[in-house]
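The following account leads through the model shown below, from individual charged side chains to the pairing of strands and the surface.

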Amino acid sequence: FFFSSRRRHTRSLCDWSSDVCSSDLVCLSFLASSQAQNINWGPFRLNLGAVAEVTYTDNKNSSENNPESDTEFRVGPTISGAIIISPTLPGGEQLTLNVGASYEVSYSLKDGTKETFSAPINVALVLPFYVAKWDVTISDTFSFSDDPLEKTFAFNRDKVPSYNNTAQISVGRNFGRVGFNFAASRSDKLYPDDPDQEETSYQFSATPSYFFRDNYSVFLRNTYGITDPHGVGKSDSDGYSSEVGVNGQITQNLSGSVSVGWSHSNVYGTNGVDHVDGISSTIALNYVQPLRPNTTYSIAFARSPGITAALQNSDITEATSVTLSIAHRLSRFITLAPVISWNHLQDLGKKTNAEQVDIVKIGMGVSRQFTRKLSGSLQYDFQTRSSNLANQSYDVNKVTVSLNYTF
């Protein structure tokens, strides 16, 4: 259900940060998926493991004028996999709860010893079934994170806890070469330390498509969404967008999705209604070098004239993001993964101190499978935030060395 996963033009921060998937949890999930589950009992299909990690950063508090360096040591258990919940539906589908978490005890040269969820918690509940030949999927995903580098509005902070929950239903069916997909979702974003950034949003979409072949189609995606910010003085907004695009195996070596369209938003402020219009576009492509099959190039581009929860004191923000990533297998056991991304955010509010931000991230990761159960990684990340407002720009360098063991 590719089309139903596309959020509307007033999407929140996490849809536009375009970060490299370099978190501990992502690495652990990838490593765990390459091995058989070490817990295969009843409904449980889980991998239990442990992680030991050292991280150095030269600007832990994301500060422009008073950066603080720190070295942190972490060790703790990890879990990833799925829980299959009975009963099995008539079509053979099962209710699946995907889980992943890392609980760790850490020692920081700056802050001492503490217990922490240094990697995000992710829980996904997926229920697929059929109704009168229509494919129906009901899902709910929950995640927690506290890394300030994952939030475009975070500066002068060393922790930004956030909770995100999205519930969605998607209905689709193919009539020969013609397909239809309908989806509805609710997303709740909670920031305990930043209540002004919290919001609830609803999205409804209808997407007809035409399949030239089994794995290649052209589609017209139409969405309508409503955003209800929780912050005092924040303005409600709604809007719609339409995008036409192609999706699937575009050529033998190129796959992904490309779409372009028009977006309109209404922001309901105390002084009336502001209208925001503009071109919206999304590109997500993967290219495999035919002469070097061990190398995969991925590019993601997105532009929206109006998103929410991206900048502080902003009701709606224009956003543009580009991410280029490469995955190259140096050998059977060693993988190199460089990534570079750029995000431009501009507050569209009618005020003299409207913020404009450019965020550039550069990452270089190397992973190594030492034994069937033991793996390791070295990750370097650089991030710079450039703002036109005072004391809201910073540079951060971070190096992480980790060992992961699966029992």
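Is D111 buried, partly exposed or exposed? D111 is partly exposed, with a relative accessible area of 37%; here buried means under 20% relative accessible area, exposed over 50%, and partly exposed in between, with a 1.4 Å probe and protein chains only. This is a predicted model, in which local features need pLDDT of at least 70 and side-chain atom pairs count only at pLDDT 80 or more, while totals for chains, interfaces and linings use all residues. Residues are numbered from 1 along each chain as its sequence is written, and side-chain values use heavy atoms, with hydrogens and water left out.

The chain has one helix and 21 strands; these are DSSP runs numbered from the N terminus, with helices being H or I of at least four residues and strands E of at least two. Of its 407 residues, 44% count as buried. Among the contacts in the chain with a separation of 6 or more, 57% are between residues 24 or more positions apart, a contact meaning heavy atoms within 4.5 Å. The chain exposes about 19,700 Å², of which carbon and sulfur atoms supply 60%; accessible areas come from the Shrake-Rupley method with a 1.4 Å probe, and for residues only the protein chains shown count as cover.

Side chains of opposite charge can pair when their charged atoms come close. The structure holds 15 salt bridges, each being a side-chain nitrogen of Lys or Arg within 4 Å of a carboxyl oxygen of Asp or Glu. D111 takes part in one of them, with K110, at 3.4 Å from N to O. K110 is partly exposed as well, at 38% relative accessibility. Both residues belong to a network of salt bridges that links K60, E68, D70, K110 and D111.

Another salt bridge joins E53 and R74, whose closest N and O atoms are 2.4 Å apart. Because E53 lies in strand 2 and R74 in strand 3 (residues 70–85), this pair ties together parts that are 21 residues apart in sequence. Both E53 and R74 are buried.

Strand 10 (residues 178–190) contains S187, which is buried at a relative accessible area of 5%. The side chain of S187 makes a polar contact with the side chain of T166 at 3.3 Å, and another of 3.2 Å with the side chain of K189. A polar contact is a pair of N or O atoms within 3.5 Å; within protein, one must be able to donate a hydrogen and the other to accept it, and residues adjacent in sequence count only if both atoms are side-chain atoms. A salt bridge of 2.9 Å, N to O, brings together the side chains of D188 and R186. D188 is buried at 18% relative accessibility, whereas R186 is partly exposed at 37%.

W262 is located in strand 14 (residues 254–269) and is partly exposed, at 47% relative accessibility. Beyond its neighbours within four places in sequence, W262 is in contact with Y240, S241, S242, D277, G278, I279 and S280.

Two strands count as paired if DSSP finds at least two bridges between them. Four residues separate strand 19 from strand 20 in a hairpin.

Which residues form the nonpolar patch on the surface? Y56, M364, V366, L378, Y380, V399 and V401 do, with about 540 Å² of accessible area together. Strand 19 (356–369), strand 20 (374–387) and strand 21 (394–406) each give two or more residues to the patch. Patches are made of residues with over 30% relative accessible area and no salt bridge, like charges being joined within 9 Å and nonpolar side chains (Val, Leu, Ile, Met, Phe, Trp, Tyr) within 5 Å. Y56 is found in strand 2 (residues 44–57) and is partly exposed at 40% relative accessibility.

Two loops call for a remark on backbone geometry. Most residues other than glycine have a negative phi. K133, in the loop between strand 7 (121–131) and strand 8 (134–145), has a positive phi of about 70° and is exposed at 66% relative accessible area. N391, in the loop between strand 20 and strand 21, has a positive phi near 65° and is partly exposed at 40%.
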